Amino acid sequence: MEAETISFDEDLETVAFAFAQEIPAGSDVVIFIEFEGIHNDQLAGFYRSSYTDYAGEKRHLVITQFQSTDCRRCFPSFDEPALKATFSSSLIVDRHLVALSNTAEISSINLEIDSIPKKQVTFKTTPKMSTYLVAYVVGELDFIETVVNPPLPANSHKYPVRVYTIKGKAVHGKYALSLASKVLEFFSEYFDEPYSLTK
């Protein structure tokens with residue numbers, strides 16, 4: 001059923017949907033919402049950032065800053081830490097760009113939109129988590145990588161660990177990569193818990 005009215009409260013940053021019939025408490029409900037947003041320059045939400053590349057040219061990338069309640073700038077959500085959910089994300093980007101999210105990429109399909117070459121990158125569904133932990137990055141990026149096998153007796157999984165940088169700067173990520181892999185191993189052993197993601 002379609003919402004009869006949709007009302008916005010800009011001060012509270014909320015939207016209310018009114019339906020013709022009452023939805024009984026405890027019902028399993030799926031809501032489909034079409035919406036548009038912008039990549040703002042306000043360092044909040046899914047925003048646009050800029051940098052100067054090795055040739056002195058100004059470049060842009062889009063990244064997320066959702067803490068604590070700025071996820072709502074990207075997509076409609078119950079933006080409260082206590083209300084956790086899983087997230088299944090796809091990003092449609094220019095083909096030459098790298099698209100990243102919290103979980104591993106499971107597919108990349110080439111598309112054409114208005115005769116412009118694009119690709120749709122789809123990511124594995126996340127564990128249940130708060131909205132402010134959802135992350136996206138899209139840009140012209142390089143990476144360096146290592147593989148970690150945390151020292152747990154029951155864990156035989158090897159995890160790729162990467163550090164992404166702007167083009168031409170990956171060599172400067174060596175210390176961060178070394179530290180990230182050691183931290184993953186240390187905390188996995190310290191808490192006696194296997195790492196819960198695949199990357």
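**Ground rules.** I number residues from 1 along each chain as its sequence is written. For this predicted model I keep local features at pLDDT of at least 70 and side-chain atom pairs at pLDDT 80 or more, while totals for chains, interfaces and linings use all residues, and side-chain values use heavy atoms, without hydrogens and water.

**Cores.** I looked up nonpolar cores (buried Ala, Val, Leu, Ile, Met, Phe, Trp, Tyr and Cys residues joined through side-chain atoms within 4.5 Å; buried is under 20% relative accessible area with a 1.4 Å probe, protein chains only). The largest has 17 residues, and Phe46, Phe75, Leu91, Ala99, Val134, Tyr136 and Val138 have the most contacts inside it. Strands E5 (90–94), E8 (116–123) and E9 (136–139) each give it two or more residues; strands are DSSP runs of at least two residues, numbered from the N terminus. Apart from this core I found another of six residues, including Val148 and Leu184.

**Phe75.** Which residues does Phe75 touch beyond its neighbours within four places in sequence? I listed Phe35, Phe66, Phe87, Val134 and Tyr136 as in contact with Phe75, meaning heavy atoms within 4.5 Å.

**Sheet.** I traced an open, antiparallel sheet of four strands, in the order E3-E4-E9-E6; pairing needs at least two DSSP bridges. E3 (45–52) and E6 (98–101) are the edges with a single partner strand each, so one side of each has no neighbour in the sheet. Four bridges join E6 to E9, and Ala99 has Val138 in E9 as its bridge partner.

**Annotation.** An unreviewed UniProt entry marks residues 7–133 as "domain: Aminopeptidase N-like N-terminal", an annotation that may be inferred rather than shown by experiment. I noted 0% helix and 39% strand there, with end C-alpha atoms 28 Å apart.

Terms used: Buried < 20%, exposed > 50% of the residue type's maximum accessible area, 1.4 Å probe, protein only.
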